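Thanks for coming, everyone. Let me put the model up, and then we'll walk through a few spots in turn.

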Amino acid sequence: MSGAVPGGLWEREVECAAVAGAVKAAVQGQAGVLLVQGPAGIGKTRLMAEARTRAEEAGALTAAARGTELEREFAFGVVRQWFEPLLAVAEAERQQAWWAGPAAQAREVLAAVGAPSVPLGDFAVLHGLFWLVANVSQDRPLVLLVDDLQWCDVPSLRFLAYLLPRLEGLPVLVSAALRSGEAATDERLLAQVTADPSVQVVRPGPLSAAAAARLLEQALPGPVEDAFTAACHRASGGNPLLLAELARTLTAQGMAANSANADKVAELGPQAVARLVAARMARLPAATAALPQAVAVLGGETDLATATSLAGTLALSMGTASPAQATPTAGLEAAAALEQLEILHLGQEGARIRLSFVHPLVRSAVYHALNPAERAAAHQHAARLLTRAGADPERIAAHLLQTFATGNPDTVDTLREAATVATSRGAPGSAYVYLRRALIEPPPPNQHLQVLIAAGQAALLVDVEAAASLLQQAYDHTTDPVKRADLAALLGTAYVSLCAPDRGIALQAETLTKLPDADQDRRRRLQAGILTAETVYLPDRDDAQMNWDGIRHLPDYDCLGSHLLNCAIACRETALCDPAAAQRARRAFADGTLISKAAGDIAFDGGIIVLLAAEDDTVMRKLDTLIEQAHHHGSLLALAPTYAQRSYGWLGRGQLSEAECDARESLRLAALSAVSVGSYFADSFLAETLTEQGRLDEAEQALAEIGVTTATNPEGPTYVAWTILVRLQRLHGDHEAALDAAQRAREACDAYGIRNPALCGWRSEAALALHALDRREEARDMATEELALARQWGAPRTLGRALRVSGLVIGGSKGLDLLREAVTALEGSTARLEHAMALTDLGASLRRAGHRIEARPPLRQALDLATRCGATPLADRARTELAAAGGRPRRTALTGPAALTPSERRIAALAAEGATNRQIAQQLYVTPKTVEVHLSAAYRKLGITTRTQLPAACSLTE
């Protein structure tokens, strides 16, 4: 029979082995995530304690935290539980090392109060916390433990979702306990954390009847009869906590564990712990019972002095005690008695005595024994007590959230102050919750609009639907045209994120009619928002608000709004295939104002799209700058589309590994920000990247994530996605399905007024499918239409693709001429992958025409380019065609300086200059493991083995 393992863990040998293995791996430098999941009382907390003990014995640094019902909204509550104690005992030199580099961005998370001089976005804080973990683990392996993960505050949960995919290569173990069947603080974020591929799940099961018998025999003073044991096992379902609570209650009541009492055990039911704890509490004097009530109200863990003071207040309010009973001595005596009854646990923290419950379920039983009115009054008392003690505003606010609204201005002031602190810590979600509660109070009339606006702005980053509602209320609450204009701009963004652009457009158009003509900056900002939303997000624009002919001829003003309007106009011109768009967008970005002040605005994003479609030489540097800015003070909401845009840029340049990396990062960040509209594009770019790599099943899955399949037709801006699906079906050989997808692409483009093949090249793909079905005349017409538009637009990649496809479907000598023209158009451009495609098709066509010798040079060049791009199917085809043409492939660029990807080249160059892996990771905003992987690849490609060889090798790179 399995018995207890060390520490009283009954029948937990397998679980303890998993804990030991995870700890050992972390100590040896291998990151891990261990999730202990099960119902309340099954032994999760004991396993967490086991993990901590084993980690400390192995020399690891440990930090433990617990999610609580009270502090679900407390900004980075779990993170602060981890790091505040570590920082409190660390010497100054070590603290300085821990806060080095980007970690300094997270200092406000652990600051007592106050806002930073430069407001930090939520992404900057998450990035800073990651580096804090990395820096702390550099000293010793780090084990982060969190119990009751389901109650973890949202900012800490978001950090875990950000941290887990980046742990590889760090000597860090994250061990969490999750109670099954309990509503989580944020189900979506929790699912994201628990679904991470690195998570190892341990699910402790119920104890066997034999183990239950052993446990009861050890816990009870007298003999335990078999019938009683069987009744206990049935009633508890083998739950160790229920068994232990039953044993404590029986001991306290002097009840014998015999057959006669077996029927009483059978009546336990689902509220067993609450009833058992209530039975023990009923035996306590009223003044003593107030102490666990106070501890429960304070969150389940607090210092003796605070708990005693609150207990005295609670007892007085209930008329069960006198002030003399609230003394420290009386409190200590009561705490000692409660420890004897195994309700509370006494601990020492410096000179202070700490009180906590023996188990969260015991705290829950005590807390919920108070009726709602008593609980609300107790939290009000706690808030006053903490206010007098000068506590952190967020700790006070946590109690105010549990009270009834009374219209108290002091409550509103405290909640607003707590929101300011939460914002300074990069936790807009917590700020939103505090301000939402302030609105319920409600605020005085002269503050109401301010609170509405502040709540709406905070909600924009965490709950766009709530943000739209609050900002709409604020808009309706004021008649000031300037305030309305600013609110309308925010609402325009919110409604786009909610896939309801028409509402934002109508609101902004109405606001424009009442905005003074002299306020050109705001007027143009609103016009830019309307026009971009209509162009990118609003299909079938029969009732468009913007007079297109009039607005595109408006004079320029030297203001931000004018730059944004130029971006919006250029975006519409790009959709219409007007080559003037590129120059207009370049003019908008010329003075740098947009980059520094408007990143994240939808019109700004439209301008970036124009530059990408025009294959502008500077756009990738602009995107690098935007990402660098966001790492310092940006938000997840703004950064996710920037990574998607850079993914599109890499894709156009044939850098497939870079494109995949950025697309996946965009999707991860979008998931953290809970806004899905940008996923239409990130998933599309990811699908195209995977397709070019030959990973067709993964590409189809990426499109399925946004609902684009052969059997579905979702709403939204899916025009890019349908174009990718055409190509996928064609590569599968299902040309009829490809044509069906092409029809969907046509309909989507028509609905959004998109003619430019630089944005959606569905015609080329449809032409190839028609050609394969021997519908040659239709194929030629389709290809010719695309070629005319491509010549009009003029960007090399778009033109080269249209020329290549036209050459293939027209065939003969004219087709060869078109293929040669495609190669010429692409030579010297950044569109390496499209260049490789044109070279391959030219070489293959020459071979089929009998020009085998002439076919070899383009095929050799195609093989080299495709290999460098990572386009495996294309490289295989070029190699096959070269062999058929009688040529031998020369050594491809799998090695040598030309084989380096942009990331490998940047990392190798920094390493050659003497930067460490950690410094490189911080400078490029990647993980140390990513640097290690890229450097290893660079060493292999450059044919070197040591860092000292890098300077000479890097001098040979392009």
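One term before we start: buried means under 20% relative accessible area. Keep in mind that this is a predicted model.

Cysteines come up first. C760 has a relative accessible area of 1%, so C760 is buried. Where is the closest cysteine sulfur to that of C760? It sits in C749, 3.7 Å away. Now, a disulfide is a covalent bond between the sulfur atoms of two cysteines. The cut-off here is 2.5 Å between the sulfurs. At 3.7 Å, the sulfurs of C760 and C749 are therefore too far apart for a bond. How many disulfides does the count come to? Zero, by this rule. One other cysteine to point out is C16. Its relative accessible area is 5%, so C16 is buried as well.

Next, an arginine. R425 sits in the loop between helix 19 (409–424) and helix 20 (428–440). Is R425 buried or exposed? Buried, because its relative accessible area is 0%. What does its side chain reach? A polar atom of the R425 side chain lies 3.3 Å from the backbone oxygen of E108. For the backbone oxygen of V109, the distance to a polar atom of that side chain is 3.4 Å.

Now over to an aspartate. D578 is in the loop between helix 27 (560–575) and helix 28 (580–589). Its side chain makes a polar contact of 2.9 Å with the side chain of R552. The D578 side chain also reaches the backbone nitrogen of A580, at 2.9 Å. Set aside neighbours within four places in sequence, and D578 is in contact with R552, E573, Q792 and W793.

Last topic: empty space. Rolling a probe the size of a water molecule over the atoms shows where empty space is left. How many cavities of 30 Å³ or more does a search of the whole structure find? Six. Strand 3 gives the most, with three residues. By class, the lining has 10 nonpolar residues, one polar and no charged.

That's the tour. Over to you for discussion.

Notes
Residues are numbered from 1 along each chain as its sequence is written. This is a predicted model: local features need pLDDT of at least 70, side-chain atom pairs count only at pLDDT 80 or more; totals for chains, interfaces and linings use all residues. Side-chain values use heavy atoms; hydrogens and water are left out. Helices (H or I, at least four residues) and strands (E, at least two) are DSSP runs, numbered from the N terminus. Buried means under 20% relative accessible area, exposed over 50%, partly exposed in between (1.4 Å probe, protein chains only). A polar contact is a pair of N or O atoms within 3.5 Å; within protein, one must be able to donate a hydrogen and the other to accept it, and residues adjacent in sequence count only if both atoms are side-chain atoms. On a 1 Å grid over the protein atoms alone, a cavity is a set of points where a 1.4 Å probe fits but cannot get out, and a pocket is an open set with protein on both sides within 12 Å along at least five of seven lines; lining residues have an atom within 4 Å of a point. Grid points are joined across faces, edges and corners, and a volume is the space filled by probe spheres set on the points. Ala, Val, Leu, Ile, Met, Phe, Trp, Tyr, Cys and Pro count as nonpolar, Asp, Glu, Lys and Arg as charged, and the others, Gly among them, as polar. Contact means heavy atoms within 4.5 Å.
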